[in-house]
Amino acid sequence: MTTNALRGEVIALLKTIAPEVEEGDLVPGEPLRNQVDLDSMDWLNFLTALHERTGIDIPEADYRKLHTLEALLAYLENKQAKRQAPGRPSREGKSAI
Amino acid sequence: MIELKLPSLGADMDDGKLLEWQVKPGDAVKRGQIVAIVDTSKAAVEIESWQEGTVFELLTQPGEKFPVGTVMATLLEAGESAATAERRMRGVPPAAAQSSAQPAVPAPLKRPAAPGVRKTASPAARKRARELDVEIDALAGTGPHGAVSIEDVEIAAKAAQTRPAAADRYAEMRRAIASAMSRSKREIPHYYLAESIPMRRATEWLTQQNAERPVTERILMGALQLKALALALKRYPELNGFWREGGFQPAAGIHVGVAISIRQGGLLAPALHDADKQPLGELMRALADLVRRTRAGSLRSSEMSDPSITVTNLGEQGVESVFGVIYPPQVALVGFGRIVERPWAEDGALRAAPLVSASLAADHRVSDGHRGALFLAALRELLQHPEKL
């Protein structure tokens, strides 16, 4: 998923929980959960939906790294990149067969 | 003959408006089955039948408003002769025989579709659904193999029209809250207690549990606190029940009303049934489902009428402590604040510890501060052994 597609996906999911959210109203660098008024249940629902769409499972210990929308997007991109890298069959793997 | 009446769905509800029937004459009804949807000041409520039988007559029509206790329909009991009933139904269809401005339409059996499930529907039905702004995947069709027909779509669109607009709903809800809370403060002699509960063990245990769980199975602190509260209540039944007709009536089960804020404003506190009996994982799933349905405005009648105590949890975004107003005819309300790190002295040593303020607002006609204090102490103790919850 490209950066823009990921951003669109995240905003769309936020809107399912908080329909009043407009992308233009989100101030970059401001804490996301305060801006969108997400309680712990909303947040869990958001992460569950994100997991369903992208396959990325965010451990609870990483919640604090996801303070802002930008931080969340950077985190997701990083996870995606890491996941794709070991997934490709390596040359050594093929020659061993 | 069984009479299906409009149940009372809370202290502040006098009447309801029928939005749609989900059964038709001749349908078999199981215990707990949803038979109708009724609009109240607070939500569109799914009315459950608490008796088994076969639908005989629908006595109220969609769009009609009627008071609590009105007989909405009659059901035939298992032993009753269906033959006589069927003869009568063939002669004059009872629903059609009713003189009403709005003719009765056989309502489609509508069930919330499992998320992501795409319904069978003809392209024409899908087109009509788009035109009428109906979510087709949420309908259960009456066509072959449950396919959604154009008629199903049109009936659903008509039912949706009879629902009030969001702004009206908000004004109605505000009025309902005003009436219940004024009555509470007028009639209930509240007393208030609070206790700081150390939460290190509970937070560490939960963190460890959640580290091993995928995001779909994680447990929130709110669920853990609910379970501890329900177990503590078992020992203090005078906090779990109702003040009715000048006396206290203990509740049959521990049905915790969970205060859930609505995004557009206002709140509801539907019941989480038998919170003391459910394993923590199941309680969490039930809580998540209750919150989702409350915010979607779709609750069941038993969830509205059964709460025997209320809990309000301000959670992570909230303040340190909360003292609640009891929801009549209940006799107690428990409040949890935000978990905060504070200096804490234990065994002569001072350290930083996560704490939560738990408060009790209780009806002095039923219980006294001494028992209330013992209840909060029991709650504190239970939260020191999270693995047992």
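Residues are numbered from 1 along each chain as its sequence is written, and chains are lettered from A in the order in which they are written. In this predicted model local features need pLDDT of at least 70 and side-chain atom pairs count only at pLDDT 80 or more, while totals for chains, interfaces and linings use all residues.

Me: How many helices and strands does chain A have?
Reply: Helices (H or I, at least four residues) and strands (E, at least two) are DSSP runs, numbered from the N terminus. From the N terminus on, chain A reads α-α-α-α-α. The count is 5 helices and 0 strands.

Me: How are α1(A) and α3(A) oriented to each other?
Reply: The axes of α1 (residues 3-17) and α3 (residues 40-54) of chain A come within 10 Å and cross at roughly 140°. Axes are lines fitted to C-alpha atoms, for helices over the stretch in contact, and angles run from 0 to 180 degrees between N-to-C directions. Angles under 35 degrees count as roughly parallel, over 145 as roughly antiparallel, 65 to 115 as roughly perpendicular and the rest as oblique. The orientation of α1(A) and α3(A) is therefore oblique.

Me: Which residues of α3(A) does α1(A) meet?
Reply: Contact requires C-beta atoms, placed from the backbone, within 7 Å. From α1(A) come A:E9, A:L13, A:L14, A:T16 and A:I17, and they meet A:D42, A:N45, A:F46, A:A49, A:L50 and A:R53 in α3(A).

Me: Which helix gives the most to the side of chain B that touches chain A?
Reply: In this interface 15 residues of chain B are in contact with 14 residues of chain A. On the chain B side, α6 (200-211) and α8 (280-295) each supply at least two residues. The helix that gives the most, with 3 residues, is α6(B).

Me: Is B:L382 buried or exposed?
Reply: B:L382 has its place in helix α10 (residues 369-383) of chain B. A residue is buried if 20 or more other C-beta atoms lie within 10 Å of its own, exposed if 12 or fewer, and partly exposed in between, with C-beta atoms placed from the backbone. Because B:L382 has 22 C-beta neighbours inside 10 Å, it counts as buried.

Me: What separates the C-alpha atoms of B:L382 and B:L231?
Reply: Leaving aside neighbours within four places in sequence, B:L382 is in contact with B:A228, B:L231, B:A232 and B:L389. B:L382 and B:L231 are 151 residues apart along the chain, and their C-alpha atoms are separated by 8.0 Å.

Methods. Contact = placed C-beta atoms within 7 Å.
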